[in-house]
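Look at the model below before reading on.

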Amino acid sequence: AAVLGRNSGMFQSSATFFDVIAQDPVLSRVKLIAEPWDIGAYEVGNFPVDWSEWNGRFRDCVRKFVKGDGGQIRELGWRLAGSADLYGDDGRKAYNSVNFITCHDGLTLHDLTAYNGKHNDANLEANNDGSNDNASWNCGVEGDTDDASVLQLRRQLARNHMCLLMFALGTPMLLGGDEFLRSQGGNNNAYCQDNDISWFDWSAAKRNADFTEFCRRLIALTRRYPALQRRKFLQGTDSNADGMADINWFGTDGNAPRWDDLEARTLCYRLDGAEFSAKSGGGVDSRGRYSLFVILNADHSTQPVRLPSTGTDLRWHRVIDTSLEVGNDILGPGEEVLIDPAGEYLCNARSTVLLLGR
């Protein structure tokens, strides 16, 4: 969409096209969503105030973090809190950030965890087409494998991606087929393929029904706890005078994160749900009070995480741990597991954990 804002070759948020849209009695009232780049311009965060945008910086940061790259936690903090650095300076809200990890171009979610590089030979351009910068990781084996440990890790990383997409403030965008781990065989530029490379393989939906169920439960969870659906940016301030900030960030030791530590690969945060009663079936008490604590561990080793105090009448319960077997990786209302002893959670390598304080 950046091409629409070009005046005399340069992108301008005040371009004539945007003015005409803003003044049109019909178009000014619809949802306006930009894929904010073209061949020569990358304009994430620069569209007019009435536009939402695909957040390419969310995609890039999450991919790098989940695969285990260092130096990502400061950027990840901005993305999880709604990307105020991109959309807050002109009056836009967190929902103007359309968060995504995969889209119609590039690797699918399955292939993001199964290939280190693109495999576009079938496109007949000597594998020269498509992006070389995919921030993907094959978990030790390129492409298809029967290695159970590799397959388990790939599934775990896919669950991590889904959690980050659904936990972050903003509007989540999910590529069709990712909910059942559709593959294009590592082809990241498959627009030219009208065959089994680009077709939906519905047998994969049967093979990966457990992953679809994880996605279904994850979406239901975000609807159940409105603290995950805030429309405003998270600022780290007390928004309802209950003595608790809307978000508090932590390292594994319970202190503030080491934001500039290039070796840090674990980030934790607590969301205050006091101003948002959990919806029916939320697994909280009759007063609807709750807190959420998220552990994002992209490190290759297990991390002991000190848990923040829940006060005198709330206790932490496990809802999600992506490292656990199917059936225990995500729990429904009333199924949550009490954390005992209460002060620490041993977070497995390359996993995502969500705890509920109730």
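Helices (H or I, at least four residues) and strands (E, at least two) are runs assigned by DSSP and numbered from the N terminus. Residues are numbered from 1 along each chain as its sequence is written, and the model is a predicted one, in which local features need pLDDT of at least 70, side-chain atom pairs count only at pLDDT 80 or more, and totals for chains, interfaces and linings use all residues. Side-chain values use heavy atoms, leaving out hydrogens and water.

Start with Phe200, which sits in the loop between S6 and helix H7 (202–207). Phe200 counts as partly exposed because its relative accessibility is 34%. Contact means heavy atoms within 4.5 Å. Residues up to four places away in sequence aside, Phe200 touches Gly176, Gly177, Phe180 and Arg182. Ser183 is 17 residues from Phe200 in sequence, with 8.5 Å between their C-alpha atoms.

H6 has 20 residues, and 15 of them are buried. The expected span of a helix is 1.5 Å times one less than its number of residues. From first C-alpha to last, H6 reaches 28 Å, close to the expected 28 Å. H8 has 16 residues and should span 22 Å at 1.5 Å a residue; its end C-alpha atoms are 22 Å apart, so the two values agree. Among the buried residues of H8 are Phe211, Phe214, Leu218 and Leu221. The buried residues of H8 pack against helix H5 (109–112), H6, strand S11 (316–321) and strand S14 (351–357).

A nonpolar core is a set of buried Ala, Val, Leu, Ile, Met, Phe, Trp, Tyr and Cys residues joined through side-chain atoms within 4.5 Å. The largest such core has 62 residues, and Leu76, Phe167, Leu218 and Ile320 have the most contacts inside it. H6 supplies the largest share of this core, ten residues. Beyond its neighbours within four places in sequence, Ile320 is in contact with residues including Cys163, Phe167, Leu218 and Leu221. A second, separate core has twelve residues, among them Phe250, Phe293, Trp316 and Val353.

Now turn to the largest pocket. On a 1 Å grid over the protein atoms alone, a pocket is an open set of points with protein on both sides within 12 Å along at least five of seven lines, and lining residues have an atom within 4 Å of a point. The largest pocket is lined by 24 residues, and Tyr95, Gly170, Thr171, Pro172 and Arg231 lie nearest its centre. Helix H6 (148–167), strand S6 (171–172) and helix H8 (209–224) are the elements that each give two or more residues to this lining. H8 gives the most, three residues.

Some backbone details remain. Ala126 is in the loop between H5 and H6, and its phi is positive, about 55 degrees, although Ala126 is not a glycine. Ala126 is exposed, because its relative accessible area is 60%. Asn127 lies in the loop between H5 and H6 and has a positive phi near 60 degrees. At 22% relative accessibility, Asn127 counts as partly exposed. Finally, Asp340 and Pro341 are joined by a cis peptide bond with omega about 5 degrees. Pro341 is in the loop between strand S12 (337–338) and strand S13 (344–347).

How values were computed
1 Å grid on protein atoms, 1.4 Å probe; cavity = no way out; pocket = protein on both sides within 12 Å on 5 of 7 lines; lining within 4 Å. Buried < 20%, exposed > 50% of the residue type's maximum accessible area, 1.4 Å probe, protein only.
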